[in-house]
Amino acid sequence: MSAFRTCPTTGLQVHRTADRLIKANAVVATVALLVGGIAAVLVLLTRWEAVLLLEADMFYRMLTVHGMNMLIFFIIFFEMAVLYFASAVLLNCRVPAPKTGWVAFVLMVVGTLMVEWTMWTGRADVLFTSYVPLRAHPLFYLGVILFAVGALTVVGHFFAIITVARKEKAYEGSLPLVTYGALTAAAIAAVTLLHGAIIYIPTFLWSLDLMHVDAQVYRLIWWGLGHSSQQINVAAMVSIWYLLGALTVGAVVLNEKVSRTAFVLYVLFISMASAHHLLVDPGMGPSWKVWNTSYFMYMAVLASMIHGFTVPAGTELGMRLRGAVQGLFGWLKRAPWGDPGFSSLAFSIVVFGFVGGITGVTFGTEQINIIAHNTLRIPGHFHATVVSGTAMAFMGITYYVIPLIFRREIAFYPLARIQPYIFAIGMLIFSMAMTFAGTFGVPRRHWDIGFTQALFQPEFTPAVNLIIGVMAVGGLIAITGGAIYIVMTVVSVFFGRKMAADDSGLGATGRGLPPGITNPPRALKPEDMEALPPSGRLGPVPGTMVLVLIFLAAFILYYFVNWMLLSFLWEVG
Amino acid sequence: MYRTGIEPPERVWWKKVGRHEKVWVWIAFAWCMVLFAMMPVWHLRGGQNPSGIRHRVDPADFQARVAEFVREHQVGTDNGLPVVAPPPGSDVYLQASQFAWIPVVRLRQGAEYTLHLSSLDVNHGFALYPLNINFQVVPGYDYGLRIVPNEPGEFYVMCNEFCGIGHHLMVGKIIVEPADGTADAPAAGVSTAGGDR
Ligand code: HEM
Ligand SMILES: [Cu+2]
């Protein structure tokens, strides 16, 4: 058997080792999603005061399990698969060090298992932030270190693949944008994992009573890890946006310079953004806070606002070039809403931008953080970013990875068509309700906001109960969507109908394949440019222009309403 | 000719940017500058800033300071906690530890105080109910915040940083008495019996 296979759909030469590494990482990611998802049900049904499912100790334990499995294990294992895909597969290149790839994978799995063991046996009830001096079993920290070393090795391997591809002229011209985006994600990952080493190694030693770790210094460096890792997620997600756009509707890149510069902004300015987790901390002064959050972080915000324009704009233009030229939104009407890859892309962009992005920037403002810090507004915000944005995009690309890499048809395909809708709508309700509950000051990470056993019993207004109920219903809908995703991927991968090596799926009907594969967007011809009607006042992508202006208006409104809410409070400073 | 994001573009991809794309980038940039400017502006003009007086403190020293504060100004007890009524303009010490806020503080509306927050053990979160004012409380650091309560009433201090198994039990109290003459009447829910010295 040759080391390569030819992809019948894209014509790419795929190294079989890359195939295997992608599969292994994706499978473990899905297992982590399952574990984290089970914990999500338990945590959700406990926060819903009307049910209050778990006892306090189990609640905090399951919250730790949820945070670690979702944010760390699911997301990062999936990203490892994305790195191999964006390098070896898209660049037609071999994986130069298969052994290293497997060693890294095993390290990550062993680290994961160590962490799981400490969490499930109650030896690490410290939540995923593990703020010192809350103490976990030493193996918890060691597990995180092994996991990080493994991930760092994959990042190094990714750089090696790109270098080899360039040397061996596996591709012509420059790196495709998707790979370029993955490259920036990898660069940020390198910085992030370095912070991880700086903080987890001393903490590991501290857990063995070998050294002292200052609580504030821990928070500072931990968020150097914690926040920049969110930027890995954003960069990976945006790369997948471009990828899904290309696969589903033939989205074009309006201008390579703009999109690439925006990616570079992520790399340059992100490690400073850890500051916005420390805005109401005692260790740092106002000028440090203002400088580090605002000037630098807003350059990363700028980058996201640019991608938030270029991705829909590329979609719009790609579709207009293929004849969807009617009116402002004719292209949206003609879009393949039944393609789970496309609907995931659309929801990922909209919820990430409108809910996650706007709330994030607002809460990350030095003073506004006073009315957001550690309230439910924070998990509300990040379930709109890393879940509705990143996880949603990852789910969307899975519908292409299963046929293209696993070479299987998607089981229960009709369910796959509606899965993105269920997950996205549930998550939207969940994260908005959570954010709203947080505006009343409802704390995050809290077992009992009824305070039944506490010394005093503050009572939230009855509206809060209602909002929490809505949150729970949204969460259950999202969990249904997540469960469909897991069942569908597992069944497809292990029992799905196999595709023959030369089966491109082109023109097929009634099979478990998304339209981007059975009926891919046609290649563009030079005539298409000429056929495009002259653009009006709003330019070549008028629909997107209107959408981003609506977005800006919503942003401005939410931002200043928050300043207003802040101004009503006691004077403090 | 346009390409998708998975096709390698030619070597030189540094091309002129379309006018509308450029306009959006500049609008976004301008908005980011507004976001930036608002923070220093609020420091100059706004009443709510997380600046504070910040310095390191040994937890044992802080605990001693709180004990002294209670000794000086205690006026009663509430649910077993000392109730303390410091004079306007003074320093107020609030101690966080697993799983209590000590002491209960009685303040006067419109007066200014410096509220010192610190922890004796792990991280805690100062969350003032129902106002939604939140600060991180870190062991080893004293966060001294100037506050001016602007309305009378009973306020509760929840903990909103996970601090251990009894995290949700951690509720303290701040009472703000109206600025007018009724100030000396004991606030609702506070028993002065046996507490007055
Ligand atoms: C499937 C639907 C999901 C539901 C219903 C859900 C629900 C929840 C709930 C109720 C909390 C507790 C909030 C609190 O008490 O502070 C939580 C926390 C969290 N969730 Fe999710 N979640 C879901 C999916 C995800 C995913 C996919 C991720 C990551 C990719 C994620 C990451 C987190 C993190 C990091 C926390 C914070 C944990 C902490 O505060 O220590 N969640 N989630
Ligand atoms: Cu606490």
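Tutor: Let's look at the iron atom of ligand 1 and what surrounds this ligand. This is a predicted model, where local features need pLDDT of at least 70 and side-chain atom pairs count only at pLDDT 80 or more, while totals for chains, interfaces and linings use all residues. Residues are numbered from 1 along each chain as its sequence is written, chains are lettered from A and ligands numbered from 1 in the order in which they are written, and side-chain values use heavy atoms, with hydrogens and water left out.

The iron atom has two protein donors (N, O or S atoms within 2.8 Å of the metal, or 3.2 Å for Na, K and Ca): NE2 of A:His66 and NE2 of A:His383, lying 2.0 Å from the iron. A:His66 sits in helix H2 (residues 56-89) of chain A and A:His383 in helix H11 (residues 377-406) of chain A, so the pair ties together parts that are 317 residues apart in sequence. Helices here are DSSP runs of H or I with at least four residues, numbered from the N terminus. Both histidines are buried, A:His66 with a relative accessible area of 14% and A:His383 with 12%; buried means under 20%, using a 1.4 Å probe and protein chains only.

Around ligand 1 there are 23 residues, each with a heavy atom within 4 Å of it. H2(A) gives the most to this shell, with six residues. Finally, a polar side-chain atom of A:Arg444 lies 2.9 Å from an oxygen atom of ligand 1.

Methods:
Helix = DSSP H or I, 4+ residues; strand = E, 2+ residues; numbered from the N terminus. Buried < 20%, exposed > 50% of the residue type's maximum accessible area, 1.4 Å probe, protein only. Polar contact = N/O pair within 3.5 Å; in protein donor to acceptor, adjacent residues only side chain to side chain.
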